[in-house]
Amino acid sequence: MKKFFALLFTFFLFISLCAEENVKDYSSSNLSVPISDSVYQLLEYADVKGYIPLLPMRKPYSHNFVVKQLKEVLSSDRLTDKEKKMFSQALLRLCPEEKGEWYKTGSYTNRYDDCGDLPVTAGAAWKSEAAFNFNDASFSNEHWGGAYFLGNIGVNVSYKFDAWGGIMKQDESAFAPYTFDKSWDGYQFIFSDFYEYVAVSEEWSGGLKLEPELVASFYDDRVSVDFSRTRRNWGYGSSSLFLSSDAQPFLALETHLFPVKWFETNYIVGTLEYESNGNLKTSASDSQTMYSMISGQFNIGDYAYFGAVSSGVWCKRLELGYMYPLLLPFLYQNQIGDFDNVQIGLYAGTQIPNVTHLYFELFIDECNITEENFFNKDRNMYAFQAGAKTPVPVWLSVLTAQYTKIEPYMYTHPDTENPWYSTTSSYSGYINTSYLNHGECIGYYLPPNSDEFLISFESAPLSFLNTTASYALVRHGCTRGSKAVDGSSYTDTLNYSNLNSNSEGEIYWKNFLHDGAYEWINYLTLGASIDLRKWSLPVSVNLSYTFSYTLHSYGTSDSIEFFSDDEYSNSVGNYVNLSFRIY
């Protein structure tokens, strides 16, 4: 393994030294702009307005690419004064050398230019978050301190290393349903017993977090290789069915190729992480998995596109086919035997400049299209999403209307015995190849057997202020009680020996909203983010409020009735989330 990393570093160093460019311009970087940065909202607005060509489906984008897009927007003669001001401010924040000076966030970041051909930026940061549910007085808080350094090796290669340590006291009930997100890597260690490791603890505990990057980029960002551990999103909707920004980060090697205007392809292969439930070796034994996905997209001018993805979750082993970026995992599985969990996806969209961006995604895990009653059989596991994004010139806003449906058992897979793992008395040799990382879905954030109607309004009324307002209705099969619906949890997996139970009223027969108890969760969320770096204050603050109302229905093949009892009681939630960061 040490030899592998040494060879990888040598490779990145070699290609940086052999690059055609020989200009010592270190002001910009090949590193990615974090996917949570507000500049993505501006780029989406510019994309739908037609100020820039269709954006790639793979995020995050590199710093160089984002700066290039901002400059292209500012070159348009159709900009209003408000738009010109907002995009100029975003460019200055991300590319302050436009004014001939390096951007310094207070005294916390310094650049060392005396390193010759290897300039380095180093600094420290702090961030804290608190969440509160007024209805049951639950409180959650976490506090992180970190140090980092980043820089360039020549012009084409960039690197970043950061390390964070945190203390926290978590309570998932302080967050609105399905919105809790782990911020630590692997596990928490309990302060009362440092030898106790848990996935999530309600006691005071500690955690660690690393998100390094090593990136090489060439030919104006049309070719790139990225070896990093970060959050990603592959898709055009508000979160993706394939690889979502809500998913936990994992270490992966990515390649991006955009050789011509009408075609792009992306590839990723990485190591998935397990959710610790105590003893590290015991809890990790059935989660030794890898992940790979390849996408290909064809663009029709600047106004339409269609593409496909093929992905797989597979047991750790030297499997060259899943590591090769020119083979589809969906097809390659047939060459080596059916031991892995593979998927295939399709997506398409069209963009009417200054009017709307329409998009669609379909993700299939397993289907048998030759059987009757296709839509009522649990063995047909798929998810789809359709939506529209419309620009609203007031406050540089984007209005999104989206519907997402996740079928029962989607993203799950039964544990599979693999010939690559020996069976012993203490370990069965079965591996969990569900579409999960660190216990959370790699794709859309909703659990199986659910759907969502979403309307959101994101705006940037001021250069230092971003706001959001959204309403969502989530309907999900209950996972508890006497009226629970099978296939509504990541722990529910199909028993392939019992798939013939496909008659109405039997297990593995689905009928959304008509086959048991369902929760209907209504969310109304208001949020604001303030960035004070415009005034040389290295601080940003985020505040959000969510009101939720949950009711229940019970459905039969003939009807749906709303009800509330001791087992399934309606509930109200008022949630506040406050966070700040010192850069």
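Biologist: Why are α2 and α3 called oblique to each other?
Modeller: Helix α2 (residues 39-49) packs on helix α3 (residues 63-74) at about 45°. Angles under 35 degrees are roughly parallel, over 145 roughly antiparallel, 65 to 115 roughly perpendicular, and the rest oblique. Therefore α2 and α3 are oblique to each other. The model is a predicted one: local features need pLDDT of at least 70, side-chain atom pairs need 80 or more, and totals for chains, interfaces and linings use all residues. Numbering starts from 1 along each chain as its sequence is written, and side-chain values use heavy atoms, without hydrogens or water.

Biologist: How far apart are the axes of α2 and α3?
Modeller: They lie 11 Å apart. Axes are lines fitted to C-alpha atoms, for helices over the stretch in contact, and angles run from 0 to 180 degrees between N-to-C directions.

Biologist: Which residues of α2 and α3 meet?
Modeller: V39, L43 and A46 of α2 meet V66, Q69, L70 and V73 of α3. By class, that contact has six nonpolar residues, one polar and no charged. Contact means heavy atoms within 4.5 Å. Ala, Val, Leu, Ile, Met, Phe, Trp, Tyr, Cys and Pro count as nonpolar, Asp, Glu, Lys and Arg as charged, and the others, Gly among them, as polar.

Biologist: How do you know that α2 is mostly covered?
Modeller: Eleven of its eleven residues are buried. Buried means under 20% relative accessible area, with exposed over 50% and partly exposed in between (1.4 Å probe, protein chains only). The buried residues include Q41, E44, D47 and K49. Just after α2, G50 takes a positive phi of about 90°. Across the protein's 583 residues, 52% count as buried.

Biologist: What makes α2 oblique to α4?
Modeller: α2 and helix α4 (residues 81-94) pack at about 135°, with axes 11 Å apart. That angle makes α2 oblique to α4. On the α2 side, V39, L42, Y45, A46 and K49 make the contact; on the α4 side, E83, M86, F87, A90, R93 and L94 do. This contact has eight nonpolar, no polar and three charged residues.

Biologist: How do you know that β3 and β4 pair?
Modeller: Two strands pair if DSSP finds at least two bridges between them. Strand β3 (residues 120-133) and strand β4 (residues 138-153) are joined by 14, and they run antiparallel.

Biologist: What else does β3 pair with?
Modeller: Strand β29 (residues 571-582), antiparallel, over eight bridges. S128 stands opposite F580 in β29.

Biologist: Which strands pair with β27?
Modeller: Strand β26 (residues 516-531) is joined to β27 (residues 539-555) by 16 bridges, antiparallel; T525 stands opposite T546. Twelve bridges join β27 to β29, also antiparallel, with S544 opposite N577. Strand β28 (residues 560-563) pairs with β27 over four bridges in the antiparallel sense. H552 has F563 in β28 as its bridge partner. β27 and β28 form a hairpin with four residues between them.

Biologist: How many helices and strands are there in the protein?
Modeller: Seven helices and 29 strands. Helices (H or I, at least four residues) and strands (E, at least two) are DSSP runs, numbered from the N terminus.
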